[in-house]
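Here are some notes to read alongside the model you are about to open. Take them one at a time, and keep the viewer beside you.

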Amino acid sequence: MNELLNVLTEALGKNLPLWIVLSSFSVGLVIFFVQESSHRLRTTLNLLAAVVKLALVGVLLWGVYHGQVYEVRWVIAPNLELLLHADALSMLFVTLSALLWLVTTVYAIGYLEHSPHRSRFFGFFSLCVSATVGLALAGNLVTFVMFYEFLTLATYPLVAHKGSDEARKAARLYLAYTFTGGLLLLVAVVWLKSIAGPLTFVQGGILDTLPAETHSALRWIFLLMIVGLGVKAALVPLHGWLPKAMVAPAPVSALLHAVAVVKAGAFGIVRVVYDVYGVEFADVLGVLVPLGIVAAFTIVYGSTLALFQDELKKRLAYSTVSQVSYIVLGTAILGPLATVGGIVHLVHQGLMKITLFFAAGNYAETLGIHRVSQMNGVGKRMPLTTLAFTLGALGMIGIPPMAGFISKWYLGLGALEAGVLLWVMPVLIASSLLNAAYFLPILYRAWFLPADSWPDEHIQAQRWETHGMLLWPPVITASLALLAGLFASLPFSPLEWAQLITAREYK
Amino acid sequence: MLQPVLLELPFLLLLAPLLPLCFALVGNDRIGQWLLPVAALPALVAAFVLPVGTSVALPWVLLGAQWGLDATGQVFLLVTALLWLLAGLYSVSGTPAGASWWRFRVFFLLTLSGNVLLVIAQDMGSFFLGFALMGLAAYGLIAQQASVTTRRAGRIYLIWTVLGEVLLFAGAVFTAGAIGSVYFSEVVGKELPLAAVILVTLGLGIKVALPGLHVWLPIAHGAAPPAVSALLSGVMVKAGILGLLRFLPAGAASTVWVAEWLVWLGLVGAFYGVVFGLRQTAPKVILAYSTMSQLGVLTLLTGLGLQAPADAALAMALLLYVAHHAWVKGALFLGVGLFKQTLSWWLLGVLVVLALVLIGVPLTSGALAKGSVKAALPAAWQHLALGLWLSSLATTLLMGRFVWSLWRYRRQHGGAASHHTSTSPGLTQWLGWAILVEWVLWWPFLFALPVFKWWDVSPILLGLGMVALALLPRIPAGDVPVLVAHTGYRGWHWVRQWRHKHRRFLSN
């Protein structure tokens, strides 16, 4: 009996990454078959899966921190294997997505309370998270690409969920962009595989031993990969789908912008640069500088366009375009401090941006507010939501003690270390000023102007300003964004974890 | 039992910035209003009780925080906490009730917290946090009343503040990267790249209103409520001075280069503020320009202090000047608020006395501060004495204009005080102001006052003479004899009229 238990635990232990992927995948499949009316069953399944996944991630985190190796291999064909592997970088992303998935699930349950097609929605929602976790845990490039494509498919129905013409058009655009990107990525991976063999992610990179005559091919492959990943990461000029996709319901936007799609692109770029090419080798190839320039341009461009959006979610979408490129910028600057800044922003941007989208959803759901110009005096009607929004916005500008400050600080230090402060610092300054220019007027309206009548008040203020399941998610994520900044130097903080990852990349 | 807890040193240091934050959560108006002065109490106690050198490490916070008191910090904390406490007392009854009252309280407490934090911060992260918190939250105080003027003032203030913060951020990153540490103690004796020094100086230069970067200052002061103007002028702008002292390594080559600029820019600012202040009519705006001018002197002193490491006399002079200006300017602003509410003559009289203190007539804190500055001028900069002499003259003229503007204000709103403001000053308003005035008049006697010299008072006398000339009524051609004749005629006329009026009474 005891032996059996031991064997079971051991099997579970080794296959933990697989269980984590399957925990949401299987539940997602089951939810498709749950009847539309059985609200309670669906909610239970959703929350159960999210909690179980978070618990499993907690176990995995503990194990990885203590140096245990978790690997699941599945050889499909000779020379082609799927590999799930938990390293420090994947843990950062997995923890973020598992945590935010739980919060977003709660939010989505509250948000979609009386809308149709909930089983379809939550089914794809779970699949989407499985794909995200899968690509985070992918141990080689082939597995990564598989989950990356799967993510595209799982997200499409979510973007189109409302079924309106606008939603379907946005979803088609999304599909066109991401499929093209995925195709380019696939071509690049196949090409690279023919040159370099198995593309297992190794900290420090695997390509630097290749002979010099392959270098020009490697540069082309890098370009293809960045274009393929850049579509999801919304690098300018590949960002066109993102502002359109904000027609999706607020929980989807929140997930899209904070953890799933956009982040998957950025995460992919981080993986390719650090664990396939190796950042030092990428520098030798001379591909980092162009990448940095694209990222810098995207940062300024996104912020500038955000200035002109009156629609709140659109403004946030352009803000995402800008903020995600901080991650890419940090990746493109050679040096450990910039790496820390980029990687830690993976988490920080997620926490802050999901807060902003939750809050935007609350305004829309509670009062029918969709535009910035309708937000006058909303702070008094919805103080907690607006407080969360305020914290998120201040973090985006980079004001301490919010998490965004820490990211910018390390990016600045990294730029100094790499001797590129001259062009990076103006970008950081411009972006901060632009962020202030498009966020502070919103805060001014919300807190200082007297309220007009609300466009369409669905939810009356009772004990709380809105439905509890809508209210608490942004409050929680805003608190996390605050804590991640304020206690940045605490053990197990995102910053500390990013430093751990970085230490392993620059051995 | 209480005493050991109070003397638990880190406890007080933590309480000073954190208690105001906790108080900001109180929603009840009747309790909340009394928390405004109480919130500054831990900082004041800390300034008195904690010995220099106390510090507490918070390695988990931000980039690794350290809060503590050095000699400079202790003086700044004392100055800051006292003014916040009294301005808080003033605000207990001095702010309109209603929904925005809660908002005012929250922003007041946030600003206080930021201000205290930046004073005790010994690392860049904490300083920047305090600086940003103070700068942004003060917006809510300036834009307190909803009107077109305050909205514009608030917007301009916010734009410049954000610009300053971003520049300071860039400078701080540069500095931290160059010295490889975020602690100010590591800055001392290091060499910084020139770009870092310039960025820091520009970022803080907005706060200390260097000429060209000063636009926000008179506009914000004109719009803010009196207590807020007092705090802004008295302590918040001085965060810039403290920041310069903290960030820039004194005596390093790049610092010396910038510090020379600071000396000259400060001198220019000292006169710039007066020239443009003399053309203003609103009392608070004139005071704001005076603040710009006085900040010029402080910038000059900071520039001198940064040229060589550890000049004790100069540091002492700078601190005395900071204390002098903070308290007297605070008292002036609060007094203007009371004067506008009551229009009483005796208040005008006290304001004249405070103006004389600012000018630096003997036996006042102004004389003490200016005397110590003069004594501390380095040998190479003795020629600045002339500049300071002229600056004293200029300040006298500006204060003359200030008194004139009060007089004019009274005439315009004459006798109609009840129409102008709906409320008469509350008890705590009087109390806060009275304590501050008492303190302003009294504290210089704790120090050895400078020996009376005609040279020191000559610019003041000259200035007062010029003010008197400017304020005299029009004098007819033929001057004194004509005046005498005129007065005699008017007197005779008046007597005749009086007799005419009371003839019946007299004849009875």
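**Notes on the two-chain model**

1. Start at L343(B), which sits in the loop between helix 15 and helix 16 of chain B. Helices here are DSSP runs of H or I with at least four residues, strands are runs of E with at least two, and both are numbered from the N terminus. Phi of L343(B) is near 60°, a positive value in a residue other than glycine. Is L343(B) buried or exposed? With 21 C-beta neighbours inside 10 Å, L343(B) counts as buried. The cut-offs are these: buried means 20 or more other C-beta atoms within 10 Å of the residue's own, exposed means 12 or fewer, and partly exposed is in between, with C-beta atoms placed from the backbone.

2. Some ground rules. This is a predicted model, in which local features need pLDDT of at least 70 and side-chain atom pairs count only at pLDDT 80 or more, while totals for chains, interfaces and linings use all residues. Residues are numbered from 1 along each chain as its sequence is written, and chains are lettered from A and ligands numbered from 1 in the order in which they are written. Chain B has a mean pLDDT of 90, and 94% of its residues reach 70 or more; pLDDT is the predictor's confidence in each residue, from 0 to 100. For the complex, the predictor gives an ipTM of 0.92 and a pTM of 0.92.

3. Now look at the helix before that loop. Helix 15 of chain B is mostly covered, with 26 of its 31 residues buried. Its 31 residues should span 45 Å at 1.5 Å a residue, and this agrees with the end C-alpha atoms being 45 Å apart. The expected span is 1.5 Å times one less than the number of residues.

4. After helix 16 comes G360(B), with a positive phi near 100°.

5. How do the chains meet? In all, 20 residues of chain A are in contact with 19 residues of chain B, where contact means that C-beta atoms, placed from the backbone, lie within 7 Å. Helix 18 (403–418) and helix 19 (421–448) of chain A each supply at least two residues of the side of chain A that touches chain B. Helix 19 of chain A gives the largest share, 7 residues.

6. Turn to chain A for another backbone feature. Phi of H117(A) is near 60°, again positive in a residue other than glycine. H117(A) belongs to the loop between helix 4 (88–111) and helix 5 (118–137) of chain A. H117(A) is partly exposed, with 14 other C-beta atoms within 10 Å.

7. Finally, check two cis peptide bonds. One runs from V236(A) to P237(A), with omega near 10°, and P237(A) is in the loop between helix 8 (215–233) and helix 9 (241–244) of chain A. Another joins P400(A) to P401(A), with omega near 5°; P401(A) lies in the loop between helix 17 (383–397) and helix 18 of chain A.

Technical notes. Two residues are in contact if their C-beta atoms, placed from the backbone, lie within 7 Å.
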